[in-house]
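Welcome! Take a moment to look over the sequence and the 3D view, and then let us walk through them together.

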Amino acid sequence: MPAEQRGPEAGAVELAVATALLGLHRGTEARPQATAAHDACLAASGPDHHRTTEARALFDRIIKGA
């Protein structure tokens, strides 16, 4: 990721959108947002960052609900 996309907020918007979509029972739309959130968080903050693990957990919830 370019330096300007590696800030502490990387993936936050995608994570919020995915969470909202899942809450609306729109898992099909939430899945790519959760994937984007996880990828951004992983690239910006690494695998042990709280937001990365939150994005992964959300993705797992989406998959289990499908």
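## The overall plan

Starting at the N terminus, the elements of the chain follow the order α-α-α. That gives 3 helices and 0 strands, where helices (H or I, at least four residues) and strands (E, at least two) are DSSP runs numbered from the N terminus.

This is a predicted model, in which local features need pLDDT of at least 70 and side-chain atom pairs count only at pLDDT 80 or more, while totals for chains, interfaces and linings use all residues. Residues are numbered from 1 along each chain as its sequence is written, and side-chain values use heavy atoms, with hydrogens and water left out.

## How α1 and α2 pack

Two packed helices are described by the angle between their axes and the distance between the axes. Here, the axes of α1 (residues 12-23) and α2 (residues 27-45) come within 8 Å and cross at roughly 160 degrees. Axes are lines fitted to C-alpha atoms, for helices over the stretch in contact, and angles run from 0 to 180 degrees between N-to-C directions. The two helices are therefore roughly antiparallel to each other (an angle over 145 degrees).

Which residues of α1 meet α2? They are Glu14, Leu15, Val17, Ala18, Leu21 and Leu22, and their partners in α2 include Gly27, Ala30 and Gln33; contact means heavy atoms within 4.5 Å.

Of the 66 residues in the chain, 30% count as buried, meaning under 20% relative accessible area with a 1.4 Å probe, protein chains only.

Notes. Parallel < 35°, antiparallel > 145°, perpendicular 65-115°, else oblique. Buried < 20%, exposed > 50% of the residue type's maximum accessible area, 1.4 Å probe, protein only.
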